[in-house]
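Please look through the model shown here before reading my comments. They are meant for someone who is new to reading protein structures.

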Amino acid sequence: EEATKNIYFVLVVFVTIMILFIIDGRTTNFFGRCMRALGDWTIKHAPGSFIVFETVIAAFIMCCLPYSPLAALSGAMFVHKYGDIGVVYAWLLLVVFTFFAYSMCFFLARYKLKESVQRKIMKEPSLKFFKNLDLLIQRGQGIEMAMLLRLAPFPKGPTHYFLGTTSITLRDYYIGTLIPHLPMCFIDVGIGAGAKHAEKHKSPAMYAIFVLLLLVFFTFIGWVGLRAKKKLDAIEE
């Protein structure tokens, strides 16, 4: 039940953010102006500025802040600067820098926070959700749990901090993280690149493709979240 509430809460937040972006675009366009200013500076000082930009994304992850808008923006900027091949450049850089940030979260939690977090989970009944996840990992489902958490609609920084406090092996963590990480990074930069193409060509078909990509993305993470919930419900029973 707690997992279901968390999934619905995250989905509501996503929808709310999208609605706010639409309202902002129709009124003050503050967010759009900020993103354009950041994009103009990054493109003007490329390629070194792209390294700085990706470092900021890594810092966002380690500070448990949402980074998906920045990842999408990177896709748009690379396409603007380098053409269609820019999607590949954006994807490779995002894979490297975000995977480094995930690893830092994992190791910080494992060697600095593990014992204190596990004690907290054992004492608090409301945190049984995390205890059950660790139990599934102990039963040999470490790779699948890492994959589900990577794909589920949860904040990515806290997710990897949490994995560092579980009994998951380093091998299972890296395999379970890397497999979904590659396509998810491509989806992130693909959303930005699709938006850039839609803006450039201004055709209804391009806008339809962009919206369809967003719908597929949110549907997919919702399905993964429900799959994770079923596994947790099964272990509680």
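The points below go from the whole chain to single elements and residues.

1. Basis of the note. This is a predicted model, in which local features need pLDDT of at least 70 and side-chain atom pairs count only at pLDDT 80 or more, while totals for chains, interfaces and linings use all residues. Residues are numbered from 1 along each chain as its sequence is written, and side-chain values use heavy atoms, with hydrogens and water left out.

2. Overall make-up. The protein has nine helices and zero strands. Helices (H or I, at least four residues) and strands (E, at least two) are DSSP runs, numbered from the N terminus. Of the 237 residues, 41% count as buried; buried means under 20% relative accessible area, exposed over 50%, and partly exposed in between (1.4 Å probe, protein chains only).

3. Contacts and surface. Among contacts between residues at least 6 apart in sequence, 76% join residues at least 24 apart; a contact means heavy atoms within 4.5 Å. The protein exposes about 13,100 Å², of which carbon and sulfur atoms supply 71%. Accessible areas come from the Shrake-Rupley method with a 1.4 Å probe, and for residues only the protein chains shown count as cover.

4. Helix α3. This helix covers residues 48-62, and its 15 residues should span 21 Å at 1.5 Å a residue; the end C-alpha atoms are 22 Å apart, which agrees. The expected span is 1.5 Å times one less than the number of residues. The buried residues in α3 are Ser49, Phe50, Phe53, Glu54, Ile57, Ala58 and Ile61. An α-helix has 3.6 residues a turn, so residues three or four places apart point the same way. After α3 comes Cys64, with a positive phi near 65°.

5. Helix α4. With 15 residues, α4 reaches 21 Å from its first C-alpha to its last, close to the 21 Å expected. Its buried residues are Leu70, Ala71, Ala72, Leu73, Ser74, Gly75, Ala76, Met77, Phe78 and Val79. Just after α4, Gly83 takes a positive phi of about 80°.

6. Ala46. This residue sits in the loop between α2 (30-44) and α3. Leaving aside neighbours within four places in sequence, Ala46 is in contact with Lys81 and Tyr82. The C-alpha atoms of Ala46 and Lys81 are separated by 8.4 Å, although the two are 35 residues apart along the chain.

7. The nonpolar patch. Which residues make the nonpolar surface patch of about 420 Å²? They are Tyr82, Ile85, Val88, Tyr89 and Leu92. Patches are made of residues with over 30% relative accessible area and no salt bridge; like charges are joined within 9 Å, and nonpolar side chains (Val, Leu, Ile, Met, Phe, Trp, Tyr) within 5 Å. Helix α5 (residues 86-123) gives the largest share, three residues. Tyr82 belongs to helix α4 (residues 68-82) and counts as partly exposed because its relative accessibility is 32%.

8. Thr98. Thr98 and Ile57 are 41 residues apart in sequence and 7.2 Å apart in space, C-alpha to C-alpha.

9. Ala152 lies in the loop between α6 (128-151) and α7, and is buried at a relative accessible area of 1%. Ala152 and Trp223, 71 residues apart in sequence, are 8.2 Å apart from C-alpha to C-alpha. Thr166 is in the loop between α7 (156-165) and α8 (170-201) and is buried, also at 1% relative accessible area. A polar atom of the Thr166 side chain lies 2.7 Å from the backbone oxygen of Leu163.

10. The salt bridge. How many salt bridges are there? The count comes to one, where a salt bridge is a side-chain nitrogen of Lys or Arg within 4 Å of a carboxyl oxygen of Asp or Glu. Asp172 forms it with Arg171, the closest N and O atoms being 2.7 Å apart. Asp172 counts as buried at 14% relative accessibility, whereas Arg171 counts as exposed at 55%.

Methods:
A polar contact is a pair of N or O atoms within 3.5 Å; within protein, one must be able to donate a hydrogen and the other to accept it, and residues adjacent in sequence count only if both atoms are side-chain atoms.
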